[in-house]
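Please consult the sequence and the structure shown below while reading.

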Protein chains: 2
Amino acid sequence: MDKRIERTRREVLGAAIALLGERGYAAFNMEAVASKAGVSKSTLYRHWPTKLSLIADALETLNVQPKPGPVDGDIRQRVTMLLCHLAEALTASPFAACMPGLIEAAKHHAEVAHFLHEYSAHRRETLVALLRDAVAAGELPVDFDAETAALALSGAIFYRRLMTPKPYLSEEMPALVAAILGSAVSAE
Amino acid sequence: MDKRIERTRREVLGAAIALLGERGYAAFNMEAVASKAGVSKSTLYRHWPTKLSLIADALETLNVQPKPGPVDGDIRQRVTMLLCHLAEALTASPFAACMPGLIEAAKHHAEVAHFLHEYSAHRRETLVALLRDAVAAGELPVDFDAETAALALSGAIFYRRLMTPKPYLSEEMPALVAAILGSAVSAE
DNA sequence: ATGATATGAGACGGTACCGTACTATAAATG
DNA sequence: CATTTATAGTACGGTACCGTCTCATATCAT
């Protein structure tokens, strides 16, 4: 295994994600990546024949495993914790920085759209599963709509992050959870 | 009043918004605007000295007045109707097409960020007011959190529009409203 | 009608980025 | 050590867009 190749891939993919986050999908260009990665342009093109192939490769980097949620506490606490992780991922992760650019790029590049859809669906699934389990365990009413609730919870966090000047903070999360689960859980 | 100037402004601003929607903030360039507007580049630069001034001017065009919501029906119906309008505005309006590009641009241009924040805040206010009135009228519990509910409702719609392949449809809106107001209103 | 003004058409230099090609050097492999 | 392979550095032609400029033409105001 050639160390030179490993190093090149590592540096370039890192630089690509950083650039995507800092300057957006549009300003992303091969020469900037090469310069930021400390790699020559010829090397860059040897590994990734085109700009899109590099971006596609870089996006893989963003697919992180969400930590397995702890199962202690009541349903409100568990959901709150999960949402705090989500809020964190949407404000302070590499993905967070790239998200606006990806949303824009998704309009014109199906692969990017697919990536976004997968990413959001994947994160939402965990939340839906959590809520479903709570329904099954009798912590939530049997007619509780887990899918819609998950959309509303995730949506509020995305919305605040993308369309308002102040993203959700951890302190505010219990209020959000209470608003969606609150009255429903009061039937317990 | 010179008709030539009116025509130029009208055509150019229209072309600018169209282009912003079709090809995104990045691909937005003066030559494309001129060509699309059927106007020469020299004319373009006489009216708007720079690209950003044109964009700023074009954004004003997007500020449409939301129709005054009808006041008939119970609170669920009124909210549902308002949300349908919102969903419509997020999928089929000139603003809708521009939104992804604007979200991306907001990262680097404070004016664009400000525009987005104002736009979303403005739309949310109507919803919050509606919910507050319902609380005051006893249609919703006194401890109902109108702000958070409005965030969750709007958020779900934005989220589906931006991060998933299928935006909210009118048929699904009652289910969303029920999930957020549903159990709360059952106390009536 | 006549002078003022807005427009059309396009050339222009400048800049930035694309993707390719070539050579010389450095590092890995066996 | 000898050979293969990856890289640096850089020049290149091509394209796209910026913002400026000039000049001829069309349209307005009075």
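How far does a backbone N or O atom of Met1(A) lie from a phosphate oxygen of DNA strand C? In this predicted model, the separation is 2.7 Å. Met1(A) also belongs to the closest of the 23 residues that surround DNA strand C, a group that includes Lys41(A), Thr8(B), Arg46(B) and His47(B) as well.

| Residue | Protein atom | Atom of DNA strand C | Distance |
|---|---|---|---|
| Met1(A) | backbone N or O | phosphate oxygen | 2.7 Å |
| Arg4(A) | side-chain N or O | base nitrogen | 3.3 Å |
| Tyr45(A) | side-chain N or O | phosphate oxygen | 3.2 Å |

Of the atoms of DNA strand C that come within 4 Å of the protein, 64% belong to sugar and phosphate.

Both chains contribute helices to this surface. At least two residues each come from α1, α2 (30-37) and α3 (41-47) of chain A, and from α1 (3-27) and α3 (41-47) of chain B. The largest share, four residues, is supplied by α3(B). Sorted by class, the surface near DNA strand C holds nine charged, nine polar and five nonpolar residues.

**The interface of chain A and chain B**

The two chains touch through 40 residues of chain A and 40 residues of chain B. Between them they bury about 3100 Å², and carbon and sulfur atoms account for 69% of that area. On the side of chain A, the residues that lose the most area to chain B are Leu151(A), Tyr159(A) and Met163(A), which together make up 23% of what that side buries.

Which polar interactions cross this interface? There are 14 residue pairs in polar contact between chain A and chain B, but zero salt bridges are found.

The side of chain A that touches chain B draws two or more residues from each of α1 (3-27), α6 (94-106), α7 (110-136), α8 (146-163) and α9 (173-185) of chain A. The largest share, 11 residues, comes from α8(A). By class, that side of chain A consists of 23 nonpolar, 11 polar and six charged residues.

Conventions
Residues numbered from 1 in each chain as written. Chains lettered and ligands numbered in written order. Predicted model: local features only at pLDDT ≥ 70, side-chain atom pairs only at ≥ 80, totals over all residues. Heavy atoms only, no water. Contact = heavy atoms within 4.5 Å. Buried area = accessible area lost by both parts, 1.4 Å probe. Salt bridge = Lys/Arg side-chain N within 4 Å of Asp/Glu carboxyl O. Polar contact = N/O pair within 3.5 Å; in protein donor to acceptor, adjacent residues only side chain to side chain. Nonpolar A, V, L, I, M, F, W, Y, C, P; charged D, E, K, R; others polar. Near = heavy atom within 4 Å.
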